[in-house]
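This briefing sets out selected local features of one protein chain, grouped by topic. Please read the points below alongside the sequence and the coordinates.

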Amino acid sequence: MKPAIWLDGSLCDPDSAMVSVFDHGLTVGDGVFETVKVTEGRAFALTRHLRRLARSAAGLGLPEPDLDEVRRGCEEVLKAHPVAFGRLRITYTGGISPLGSDRGTAGPTVVVALVEASRRPDATAVVTVPWARNERGALTGLKTTSYGENVVALARAREHDATEALFGNTVGALCEGTGSNVFVVLDGQLHTPPLSSGCLAGITRALVLEWVGAKETDLPLDALYRAEEVFVTSTTRDVQAVHRVDSHTLPGAPGPVTAEALRIFLERAAADIDP
């Protein structure tokens, strides 16, 4: 089944949907985006994702997106391409602009795309990488399309038979993954880095904090090797146990805290599609 595409206000055939080669999202990464999980043809936590899209746009200095219009685009692609499990991508860019960093006046580009996806396994391997997240950068906390750093880090993870790469920040504290937040269990207590570490305010992270409970704690990167359990969270991973960090193994993953967090998350998510 072909993906469903909604571009600047209308559904398009995937083979003919086109964005200008002068779009600022393409030329300089001037854009923001959201990835939304779709289950049984319904978008999960869409309101939270749209609110974060607006926050990211404001942080990047883009015009305020029309969230009602973006929601309509989501509804149209979901109707056109019903999937049992999918990935809904909302992209909002600076639009057609001059070559260079200055933004043009043509207005933003809005794309909503829906594709089928595969469910992740219960546990995965991760690696740490030598590059730091900048917790004081202009884009810190924004979900932007400037993803080159993540592409490089994820390639490093793939080289080591892992599916995620974890960053420290500039002061050596545990921060986040390329597309996930990280939780660790130390002495039986669940912890996750605070937003001040430079990590993204993940939607799944927020729901785990609300539904399961965890301490937001500044932790050194090597806490990953001392933890009894580690798990990562994201829109498409939900709560995913980690069985290996670099060469350090965590036998029995998912452990009891992770398993309970996943149980609660799935139960609450099933009860409310837009929490």
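Asp246 is found in the loop between strand 14 (238–245) and strand 15. In this predicted model, phi of Asp246 is near 55 degrees, a positive value in a residue other than glycine.

**Backbone geometry in loops**

- Most residues other than glycine have a negative phi, and most peptide bonds are trans.
- Asp161 also has a phi near 55 degrees, which is positive although the residue is not glycine.
- The position of Asp161 is in the loop between helix 4 (148–159) and strand 8 (164–169).
- Asp161 has a relative accessible area of 68%; because exposed residues are those over 50%, Asp161 is classed as exposed.
- The peptide bond joining Ala253 and Pro254 is cis, with omega at about 0 degrees.
- Pro254 belongs to the loop that runs between strand 15 (248–249) and helix 7 (256–271).

**Helix 3: length, faces and cap**

- Helix 3 spans residues 67–80 and has 14 residues.
- From its first C-alpha to its last, helix 3 reaches 20 Å, close to the 20 Å expected at 1.5 Å a residue.
- Which residues of helix 3 are buried? They are Val70, Gly73, Cys74, Val77 and Leu78.
- Viewed down the axis of helix 3, these buried residues fall within an arc of 130 degrees, so they line one face of the helix.
- The face of helix 3 turned away from the buried side carries Asp68 and Lys79, both exposed.
- Asp66 caps the N-terminal end of helix 3, with a side-chain oxygen 3.2 Å from the backbone nitrogen of Asp68.

**Helix 2 and helix 5**

- The axes of helix 2 (residues 46–60) and helix 5 (residues 203–211) come within 10 Å and cross at roughly 125 degrees.
- An angle of 65 to 115 degrees would count as roughly perpendicular, and one over 145 as roughly antiparallel; helix 2 and helix 5 are therefore oblique to each other.
- The crossing in which helix 2 passes helix 5 is right-handed.

**Strand 10**

- Asn181 is found in strand 10, which covers residues 181–186.
- Is Asn181 buried or exposed? Its relative accessibility is 5%, so Asn181 counts as buried.
- The side chain of Asn181 reaches the backbone nitrogen of Gly202 at a distance of 3.5 Å.
- Phe183 also lies in strand 10, and its relative accessibility of 1% means that Phe183 counts as buried.
- Phe183 and Leu224 are 41 residues apart along the chain, and their C-alpha atoms are separated by 9.2 Å.

**Phe44**

- Phe44 has its place in the loop between strand 4 (42–43) and helix 2.
- With a relative accessibility of 7%, Phe44 counts as buried, the limit for that class being under 20%.
- The C-alpha atoms of Phe44 and Asp68 are separated by 16 Å, the two residues being 24 residues apart along the chain.

Notes
Residues are numbered from 1 along each chain as its sequence is written. This is a predicted model: local features need pLDDT of at least 70, side-chain atom pairs count only at pLDDT 80 or more; totals for chains, interfaces and linings use all residues. Side-chain values use heavy atoms; hydrogens and water are left out. Helices (H or I, at least four residues) and strands (E, at least two) are DSSP runs, numbered from the N terminus. The expected span of a helix is 1.5 Å times one less than its number of residues. Buried means under 20% relative accessible area, exposed over 50%, partly exposed in between (1.4 Å probe, protein chains only). The arc is that of the directions from the helix axis to the C-beta atoms. A polar contact is a pair of N or O atoms within 3.5 Å; within protein, one must be able to donate a hydrogen and the other to accept it, and residues adjacent in sequence count only if both atoms are side-chain atoms. Axes are lines fitted to C-alpha atoms, for helices over the stretch in contact, and angles run from 0 to 180 degrees between N-to-C directions. Angles under 35 degrees count as roughly parallel, over 145 as roughly antiparallel, 65 to 115 as roughly perpendicular and the rest as oblique. A crossing is left-handed if the near helix is turned anticlockwise from the far one by less than a right angle, and right-handed if clockwise.
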